[in-house]
Amino acid sequence: MLLELISMNKFFDVLKGLEEKNVLIKLRNGLDVRGKAVMIDPVTMNVLMNDADLSNSDGFNLGHFSVLIVRGDQVSLITPLS
């Protein structure tokens, strides 16, 4: 039980470390979202983003959003962009 708590705390720390950074989020439906992660809820994995670009797997831009909320149940990957 203690090991699980430590692991969850590290997971939450990693997510908090992505806030205010540019990230790539891969969605379960194959689309990609790139933008600034303003806030990430570590429990639901919902992500509030600014200046987000939505694209398909071929890189075709499907739209730009000044504010976008990504539902956590649709997220398959979050990674920082350099």
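I began with Ile-78, which I located in strand β5 (residues 75-80); strands are DSSP runs of E with at least two residues, helices runs of H or I with at least four, and both are numbered from the N terminus. The model is predicted, so I noted that local features need pLDDT of at least 70 and side-chain atom pairs pLDDT 80 or more, while totals for chains, interfaces and linings use all residues. Residues are numbered from 1 along each chain as its sequence is written, and side-chain values use heavy atoms, with hydrogens and water left out.

I looked up the accessibility of Ile-78 and recorded 18%, which counts as buried (under 20% relative accessible area; exposed is over 50%, partly exposed in between; 1.4 Å probe, protein chains only). Its C-alpha atom is separated by 6.7 Å from that of Val-23, 55 residues apart along the chain. Leaving aside neighbours within four places in sequence, I listed the contacts (heavy atoms within 4.5 Å) of Ile-78: Leu-18, Val-23, Leu-24, Ile-25, Met-45 and Val-47.

I then turned to Met-45, in the loop between β2 (32-40) and β3 (47-55). Met-45 is buried at 18% relative accessible area. Its phi is positive, about 70 degrees, although Met-45 is not a glycine. I also noted a positive phi, near 50 degrees, at Asp-51, a residue of strand β3.

Last, I examined Glu-19, in the loop between α1 (2-18) and β1 (21-27). Glu-19 is buried, with a relative accessible area of 17%. A polar atom of the Glu-19 side chain lies 2.9 Å from the backbone nitrogen of Ile-40. Beyond neighbours within four places in sequence, Glu-19 is in contact with Ala-37, Val-38, Met-39 and Ile-40.

Technical notes: A polar contact is a pair of N or O atoms within 3.5 Å; within protein, one must be able to donate a hydrogen and the other to accept it, and residues adjacent in sequence count only if both atoms are side-chain atoms.
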